[in-house]
Amino acid sequence: MASWVLSECGVRPLPRQFHRPRISNNIHNNPNSPICKKIGNFGAKTDLKSTWLSSVCRNRDWGLKVSTPLKIVSLDGEEEGQKINNGAFIREEVEENEFDPGAPPPFGLADIRAAIPKHCWVKDPWRSMSYVARDVAIVFGLAAAAAYLNNWVAWPLYWAAQGTMFWALFVLGHDCGHGSFSSNLKLNSVVGHILHSSILVPYHGWRISHRTHHQNHGHVDNDESWHPLPERIFRSLDDISKKFRFTAPFAMLAYPFYLWGRSPGKKGSHFHPSSDLFLPNEKKDVITSTVCWTAMAALLVGLSFVMGPMQILKLYGVPYWIFVMWLDFVTYLHHHGHEDKLPWYRGKEWSYLRGGLTTLDRDYGLINNIHHDIGTHVIHHLFPQIPHYHLVEATEAAKPVLGKYYREPKQSGPLPFHLIDNLVKSFKEDHYVSDTGEILYYQSDPQLSGSAQKSG
């Protein structure tokens, strides 16, 4: 990982500068440096030593695979290699290449950790429970208000608000699954089961598969959530499956089906204790969560007999599907839809750090506070044990270390309508990755409806 430059005395290492992972411009802007002087006199006397030195200056990339070699031009503006007068050369202003997101970062996980204030790691169960109390109170308050008003002006507003609050409940249960809710495992499990079962999510089944997602984020073959399809699997899908996976709004309704059958190319269910997702010692946890999920489903069926199926559909069914759309929308865009192509990995090129650095932060406007700052996703993926109420501060502290490996999210208006364009664009372009190679980028299928171009 170390980079080296020539000095008057030989070779010395470049200083580590986290905020600019590219070659220094000090040499470029100093025509009196020893290297420039040697190059300037190259034409006066050509021998093997000076030829080697000039070749090194022209052709070697001393940065971290993200900078250009030095470029030399003549006084007539011709490119390098043209002699003038006594063969002297002058240096053109060097233009640096665009940042390469697939290059190994010049920092480690420990460097990021050290930049985050110590108090950001502290879990406050009382504070966490206060968010649960707030959200649960809002959920019941919205339901009571909608049932009382019971008119078709109020119902659509209720569905949008309540579906968003279901999503907020999911995020708090998500924190329980990561252990960032509190340091008490029993408290995390009880609260997680109550919150997730209430919105028909099997807590332990999801928790374990989500752990797999975090441990393998950015890995084409081992990631669990919204990972790219290798080309061989993509080609094996029928047209209907491709339509549903790569077309809005159908792809935004995928979550319940994923819980039952996972992604294409993978087997198992979040409800079955013998699924490939789980280890033998996790069967009891999975059974517990499946029983809780079944109890909630039975409660809804019972309430439909008491209150009527139409009333339950309006109070619970429609908000549930709004919640599902929020979940798929947010989780997809945390790993897709950036303006630039971002890498995925397999084999020796993958590491926990490099995979985590391909995740994206998103700004959701007024929704940020409602869904507990889940948009601060980069630091969350690298350090999922940080409580959600410290993620914004931790992200700001880590930015100087991350440098260009952190992609500043586009600022949102009150509601994140701007992200719809990112979603649609990604569905048109991001279809599969190659079956071979270790640093991979999405490719497009021109035959897929809505695909306008084929990327290399």
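Q: Why is Leu-303 called partly exposed in this predicted model?
A: Leu-303 has a relative accessibility of 30%. Buried requires under 20% and exposed requires over 50%, with partly exposed in between; Leu-303 therefore counts as partly exposed.

Q: Why is His-418 called buried?
A: The relative accessible area of His-418 is 17%. The cut-off for buried is under 20%, so His-418 is classed as buried.

Q: Which residues does His-418 touch, and where in the chain is His-418 found?
A: His-418 is located in the loop between α16 (391-402) and α17 (419-429). Residues up to four places away in sequence being left out, His-418 touches Asp-363, Lys-410 and Ser-412.

Q: What makes Ala-103 count as buried?
A: Ala-103 has 3% relative accessibility. Since buried means under 20%, Ala-103 counts as buried. This residue sits in the loop between β4 (90-91) and α3 (109-115).

Q: How far apart are Ala-103 and Arg-354 in sequence and in space?
A: The two residues are separated by 251 residues in sequence and by 8.7 Å in space, C-alpha to C-alpha.

Q: What makes up the largest nonpolar core, and which element gives the most to this core?
A: The largest nonpolar core has 48 residues. Those with the most contacts inside this core are Trp-167, Phe-170, Met-252, Tyr-255, Tyr-316, Phe-323 and Phe-329. The elements that contribute two or more residues include α4 (125-149), α5 (154-178), α11 and α17. The most comes from α12, with 11 residues.

Q: Which residues are in contact with Phe-170, leaving aside its neighbours within four places in sequence?
A: Phe-170 is in contact with His-196, Ile-199, Val-201, Trp-206, Tyr-255, Phe-323 and Leu-327.

Q: Which residues does the second, separate core include?
A: Ile-116, Cys-120, Ala-394 and Ala-398 are among the 20 residues of this second core.

Q: What describes the protein chain in terms of secondary structure, burial and contacts?
A: The secondary structure comprises 17 helices and six strands. Of the 456 residues, 50% count as buried. Among contacts between residues at least 6 apart in sequence, 69% join residues at least 24 apart.

Terms used. Residues are numbered from 1 along each chain as its sequence is written. This is a predicted model: local features need pLDDT of at least 70, side-chain atom pairs count only at pLDDT 80 or more; totals for chains, interfaces and linings use all residues. Side-chain values use heavy atoms; hydrogens and water are left out. Buried means under 20% relative accessible area, exposed over 50%, partly exposed in between (1.4 Å probe, protein chains only). Helices (H or I, at least four residues) and strands (E, at least two) are DSSP runs, numbered from the N terminus. Contact means heavy atoms within 4.5 Å. A nonpolar core is a set of buried Ala, Val, Leu, Ile, Met, Phe, Trp, Tyr and Cys residues joined through side-chain atoms within 4.5 Å.
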